[in-house]
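Hi,

Here is the structure I promised to pass on.

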Amino acid sequence: MSTISAISTAFGKGGIAIIRLSGDNAIDILNKVFKPVGNKSIEDFAPNTLVYGSIYKEDKLIDRGMAVVFKGPKSYTGEDSAEIHCHGGILLSQMVLEATFLAGAVPAGPGEFTQRAFLSGKMGLSQAEAVIDLIDAQSESKVALAASQADGRLSKRVNEVYSELMTIVSSIYAYIDYPDEDLTDVSISDMKLGLSKIKDRLENLKKTYKTGRAVCEGLNTVIAGKPNTGKSSLLNMLLGEDRAIVTPIAGTTRDTVEETVSAGKVLLRLCDTAGIHTATDEVEEIGVRRAIAKVESAELILAVFDGSADFDTEDTEVINQLKLLNDKTIIVVLNKNDVGTKLDKQQFEEITPYVVSISAKENNGKTKLIKLIEQIYIDGEIEYSSECVVTNARQFASVVNSITHIDNAISALNEGFTQDIAGMELELALSELGNLDGRKVTEDVVHNIFGRFCVGK
Ligand SMILES: Nc1nc2c(ncn2[C@@H]2O[C@H](COP(=O)(O)OP(=O)(O)OP(=O)(O)O)[C@@H](O)[C@H]2O)c(=O)[nH]1
Ligand SMILES: [Mg+2]
């Protein structure tokens, strides 16, 4: 395997920069670029130990710094690896990187160090995904969740379920291949019991995705309502900055405005939209159509009403649009409570039980709104640091599909079909679980996951 090299620290001036190497020739390359003090070779020092020395590019001294060697398989990637710690100059770190290329390294692709760790079996795919989540995290809850998943909690749980399922599959095939011999002491009813226990464990895992998604992937959230109710003011309040234009003129927001914000434990992928009403010109009409499309594709809708004014026909129009939606969470936000309260919870009974009164202008009610979102999406029972949590759509799909195949296998056994039908279904369930942690995942999926990393990780 080629030896890759990259600057692993962020681009910019800093105290130090780290250039990382991994591959068969990592130590040779380090030897060409880095000379420890006292005319020694880096190999004279123990691995995992920082060594002081000089850094050269084509035999010219360019810096003094530290280097460390990690011998495979006891390294992040599982391969021989090394790091050079130089002063954190933008040009300097680039020159050290070039020195490693001149000495035989090739540039690392995005996430290639972690991809190599995955390929050499140092970590499962869900652990690698947790590393991305850790780097991306904007909230302490996401850090806590990702740190515990990066530790391999989910991989471990999935591996346990995988081997339990494998035992049952082996018993089924033993029955099929040698029906007259007493190869297994597992009866069909034991198998069914075993399968339903595995299914329960997977169902519990499946339930964690509601929280995992809200914390890690973020909720696709749309702020909608008639014009001038304070939708853009609400976006600004949640962001804590004046991102969207706010004016007293109805129809200020014409196109959608999208921002991601961490709200308590939850990540919100927010979209502010044009006011829903009967448009009077073409641009407005497009804006309203876009607003409605966003509402239809969102999972959480913050429906903003002017709580200080009486209902009018435009409010009814918005409520009628919301009534058409299924499978969405709607929170009615009664805004402008600083100037009065004319609307109340009962008026929205038909569309949602969740109603909160705020003043976006006075920055009042933000905590109440965030607490309500947390209450809906965060399972308070889940202890991030000790629980397995499904954190992305790819993992969720594997869990759901494996449950379906286990269900099919149980039905096949119940309905007295030949056992090979159950066996086939269970093999499909195994393959789905294998996907979850990368055991059987396709090259495209691997490429896609590691493509989301930064170079140097
Ligand atoms: N008194 C009061 N006024 C508010 C409040 N929130 C917003 N406003 C005012 O209401 C007007 C409209 O606010 P926007 O945030 O632009 O409303 P919008 O729903 O985005 O409006 P469009 O983009 O035109 O649909 C502005 O004059 C705001 O200052 C509030 O909580 N209290
Ligand atoms: Mg607006």
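The largest nonpolar core has 115 residues, and L30, A303 and V333 touch the most other members. Helix α6 (residues 153-177) gives the most to this core, with eight residues. By core I mean a set of buried Ala, Val, Leu, Ile, Met, Phe, Trp, Tyr and Cys residues joined through C-beta atoms within 7 Å. Buried means that 20 or more other C-beta atoms lie within 10 Å of a residue's own; exposed means 12 or fewer, partly exposed is in between, and the C-beta atoms are placed from the backbone. Leaving out residues up to four places away in sequence, A303 touches A224, G225, V318, L322, I330, V332 and V333 (a contact is two C-beta atoms, placed from the backbone, within 7 Å).

Before you go further: this is a predicted model, where local features need pLDDT of at least 70, side-chain atom pairs count only at pLDDT 80 or more, and totals for chains, interfaces and linings use all residues. Residues are numbered from 1 along each chain as its sequence is written, while chains are lettered from A and ligands numbered from 1 in the order in which they are written.

Now the ligand. Around ligand 1 there are 23 residues, of which G230, S232, T253, G275 and K361 come nearest (to count, a C-beta atom placed from the backbone must lie within 6 Å of the molecule). Helix α9 (residues 231-239) supplies the largest share of that shell, three residues. Sorted by class, the shell has seven nonpolar, 12 polar and four charged residues; here Ala, Val, Leu, Ile, Met, Phe, Trp, Tyr, Cys and Pro are nonpolar, Asp, Glu, Lys and Arg charged, and the others, Gly among them, polar.

Most residues other than glycine have a negative phi, and most peptide bonds are trans. N48, in the loop between β3 (34-36) and β4 (51-57), has a phi near 65°. N48 counts as exposed because it has 11 C-beta neighbours inside 10 Å. D327 sits in the loop between α11 (313-323) and β12 (329-335), with a positive phi of about 60°. D327 is exposed as well, with 5 other C-beta atoms within 10 Å. The peptide bond from G72 to P73 is cis, and P73 lies in the loop between β5 (60-70) and β6 (81-88).

As for the whole chain, it has 15 helices and 13 strands, taken as DSSP runs numbered from the N terminus (helices H or I, at least four residues; strands E, at least two). Of its 457 residues, 42% count as buried.

Cheers
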